[in-house]
Amino acid sequence: MKVQSFREVIDAPIPEFVSWMGDRLLVPGGRVLLYGSPATYKSFAVQWLLYCLATGTDWYGQTVHYPGNTLYVEVEIGDYMFQERTLSIHKEYGPTEGAFYSTDYSVKLANQADADEIIKQVKAHDIQMVFMDPVNLIMRGSERNDEHVANFLGLCNYISGITGCAIGCVHHSRKGQYTAAGRIDAGPEEASGVKNFWSWADTMIRLVKVPGMPDTVKLSYEKHRHTRGNIPFIYLELNQDKGLLLPSATDPITLLTAMLESGPRRINEVDNLLEELHIAVNKRGEFRNNLIEQGVVEEMQDPEQKKFKMLRLRR
């Protein structure tokens, strides 16, 4: 074990922290967990992410700074559906030679031999990110067993440590709890086996259905270890004609920006819009504050009635 003084660390020539996507939302060798309940289009979002990383295309508003080869280990939807979704992407955005996949149902990550097989493919194809989907079908044992999950994540770290590639996992939410008042939302810790995954992941991305909006999900960043500030969520909608998960026409940021294009609006008017978009009362202030911190909008006094506050676009 190497031990250094604080002073030695200050003077050490440590390389600059490189960002692959966003403001260090994804870094080389980083760890990502994307999770959600069934039918929240998790595999659509991941396949698009891996295409974007391979081509240097922005992913849902997050800048991809350079292209790098990716590998999608998908053991749930099968070859036919995967081919159909790949054709949809290529038809709309063009082909890529940098995104690889495996739908081999026999793939498991239970021991070092399994990890070495993945390492072999990573080296053969110069892969910079491996995404495994879903965790419960690839790991050995139960995702509710701390020892089993720790073994799986340890093997993920082993793959990353040997190759330097980033690792991503697709996981499901644990089952909700119900009371007479309805479902209890477990919030950012809703991923099954969260204790281990929460500490392991650099970035946790959550997909949830939006009530009253068919084919629409909200993508939010529940954890981002290396990113400064807050990251706004985005609404995504499955375009049935194109077979693609795209930014929704009902995305709150898009609609709010369009509203403010004509000039400042009072806070209550903004909140009326957010109510129409099914954003809870206790989340509306947080939503507005996030946009202020992101530099999208700014708060001002109503010039005619000083007691009222307004929002306007920040130019």
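Me: Which residue lies over the face of Phe308?

Reply: Arg266 does, at 4.0 Å from the ring centre. A charge sits over a ring if NZ of Lys or CZ of Arg is within 6 Å of the ring centre and within 35 degrees of the ring normal. Before we go on, this is a predicted model, where local features need pLDDT of at least 70 and side-chain atom pairs count only at pLDDT 80 or more, while totals for chains, interfaces and linings use all residues. Residues are numbered from 1 along each chain as its sequence is written, and side-chain values use heavy atoms, with hydrogens and water left out.

Me: And what sits over the ring of Phe233?

Reply: That's the charged end of Lys218, 4.8 Å from the ring's centre.

Me: How many aromatic pairs are there?

Reply: Rings of Phe, Tyr and Trp (its six-membered ring) pair if their centres lie within 6.5 Å; planes under 30 degrees apart are stacked, over 60 edge-to-face, and the rest tilted. Here you get ten aromatic pairs. Take Tyr51 and Tyr93: their planes are at 50° and their centres 6.5 Å apart, so this pair is tilted. Tyr51 belongs to helix 2 (residues 42-55) and Tyr93 to helix 3 (residues 78-93), so to speak distant parts of the chain, 42 residues apart. Helices (H or I, at least four residues) and strands (E, at least two) are DSSP runs, numbered from the N terminus.

Me: Is Tyr51 buried or exposed?

Reply: Buried means under 20% relative accessible area, exposed over 50%, and partly exposed in between (1.4 Å probe, protein chains only). Tyr51, at 5% relative accessibility, counts as buried, whereas Tyr93, at 39%, is partly exposed.

Me: What about Phe233 and Phe287: how do they pair?

Reply: They're a tilted pair too, with 5.3 Å centre to centre and 40° between the planes. Phe233 lies in the loop between strand 9 (216-224) and strand 10 (234-239) and Phe287 in helix 10 (residues 281-293), so parts 54 residues apart in sequence are tied together. Phe233 and Phe287 are both buried.

Me: Which residues does Asp271 touch?

Reply: Contact means heavy atoms within 4.5 Å. Setting aside neighbours within four places in sequence, Asp271 is in contact with Arg284 and Arg288. You'll find Asp271 in helix 9 (residues 267-276), and Asp271 is buried at 16% relative accessible area.

Me: How many cavities of 30 Å³ or more are there?

Reply: On a 1 Å grid over the protein atoms alone, a cavity is a set of points where a 1.4 Å probe fits but cannot get out; a pocket is an open set with protein on both sides within 12 Å along at least five of seven lines, and lining residues have an atom within 4 Å of a point. There are two such cavities. The largest has a volume of about 90 Å³, and its lining includes Trp48 and Tyr93. Helix 2, helix 3 and strand 11 (244-247) each give two or more residues to that lining. The second largest cavity holds about 40 Å³, with Met21, Leu25 and Thr203 among its lining residues.

Me: Which residues lie nearest the centre of the second largest pocket?

Reply: Pro38, Ala39, Lys42, Glu76 and His172, out of a lining of 22 residues. This pocket has about 380 Å³ of space. Helix 2, helix 5 (135-138) and strand 5 (166-172) each supply at least two lining residues.

Definitions and conventions:
Points joined across faces, edges and corners; volume = space filled by probe spheres on them.
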